[in-house]
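Hi everyone, thanks for coming. Let me put the structure up on the screen, and then we'll walk through a few places in it together.

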Amino acid sequence: MDRLIAAKVFVDVAQSGSFTATAERLEMSRPMVTRYIEAMEKWLNSRLLHRTTRRVTLTSAGDRCLKEVEAWLEQADRLIVLSDSTEELSGMVRIATSMSFGFSQLVPALQSFMSMHPKVHIDIDLQDSVADLTERQIDLAIRIASNPEPSLIGKPITVCESVLVASPSYLASRDEILKPTDLMGHKCLGYKNFQRHIWHLTNGEQQESVDVDCKLTANEATTLLHACLMGGGVAVQPTYLANKYIKDGTLRPVLAEWKPAELTIYALYSSRKHLSPTVRALIDYFQEHFRDNPW
């Protein structure tokens, strides 16, 4: 049997913990998955997996072999790329990202990549969670964070700045906001992930932490953006969303000299995820694209 395919099946079963899940993901029959695993065990002369009715887990020998097999597969991919004179990328890439970044930045960026590589297919999963990328069959997660999840490998692709904004109609109907503590007397729009809404702002060497009253909260940036556009209050918005509306005048910066903390936008993947040449090329493309196309 093809040892390269057998190795890929072994790595996938180790990740999924299920022969059936691997069969579905790799589009082969369950008996064929079993045959490839048996071939791997015969090749390495070791039992690699414990099989139970509920779950498949690695044996101690399987755990020792897994990283080496993954490294071998990555080397095989590099050799294929080097030997392929066309260097044509192909295959399906499943990307998880937030709704706000997906529609405002990711989809426009992908258009050029897919035009250059017509055999590549992209599936976008709009999720904010970074957990269980392997179980959800996610190849790459684009996430905004101060620190990436320790179980994942993070490649920085750009920086996320944020800004305080409100609609002209809201600002016209309220007392002027001249200093950060003035926000305490205003309606604010916040992310519901936080029990207390404390906005940490910096102006050069000055720092202020303001406990604001959020009458409306949501777990997604575009919802708060539209509430802000409708005069709902003051919001902290990523500049990749807000800049368009600031330029056309439908939103105005609030306390423009005071900045929320910058965060990094990462391309994340599982430490046990076998990266295809297409995924590697896509990460490199994102780094270059967002460097050359600031929002």
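Let's start with E70, which sits in helix 4, residues 60–83. Helices here are DSSP runs of H or I with at least four residues, strands are runs of E with at least two, and both are numbered from the N terminus. E70 is buried, at 9% relative accessible area. By buried I mean under 20% relative accessible area; exposed is over 50%, and partly exposed is in between, with a 1.4 Å probe and protein chains only. Between the C-alpha atoms of E70 and L216 there are 47 Å, and the two residues are 146 apart along the chain.

A word on where this comes from. This is a predicted model, in which local features need pLDDT of at least 70 and side-chain atom pairs count only at pLDDT 80 or more, while totals for chains, interfaces and linings use all residues. Residues are numbered from 1 along each chain as its sequence is written, and side-chain values use heavy atoms, leaving out hydrogens and water.

Now the overall picture. The protein has nine helices and 15 strands, and its C-alpha trace spans about 75 × 45 × 35 Å along the principal axes. Of its 295 residues, 43% count as buried.

Next, please find helix 9, residues 277–292. Its 16 residues reach 23 Å from first C-alpha to last, close to the 22 Å expected at 1.5 Å a residue; that expected span is 1.5 Å times one less than the number of residues. Which residues of helix 9 are buried? They are T278, V279, L282, I283, Y285, F286, H289 and F290. As background, an α-helix has 3.6 residues a turn, so residues three or four places apart point the same way.

What does that face pack against? The partners of the buried residues of helix 9 are helix 5 (99–116) and strands 3 (91–97), 4 (120–126), 5 (140–145), 6 (152–160) and 15 (263–270). Contact here means heavy atoms within 4.5 Å.

That brings us to the largest nonpolar core, with 39 residues. A nonpolar core is a set of buried Ala, Val, Leu, Ile, Met, Phe, Trp, Tyr and Cys residues joined through side-chain atoms within 4.5 Å. I95, L140, I142, L282 and F286 have the most contacts inside this core, and helix 9 gives the most to it, with six residues. A second, separate core has 19 residues, including A23, M40, L48 and L73.

Over to helix 3, residues 30–44, where we find E41. E41 is buried too, at 12%. Its side chain reaches the backbone nitrogen of L49 at 3.5 Å. Leaving aside residues up to four places away in sequence, E41 touches S46, R47, L48, L49 and R51.

Finally, two loop residues. E27 lies between helix 2 (19–26) and helix 3, and N45 lies between helix 3 and strand 1 (49–51). E27 is exposed, at 73%, and N45 is exposed at 70%. Phi is near 55° for E27 and near 55° for N45. For context, most residues other than glycine have a negative phi.

Terms used: Polar contact = N/O pair within 3.5 Å; in protein donor to acceptor, adjacent residues only side chain to side chain.
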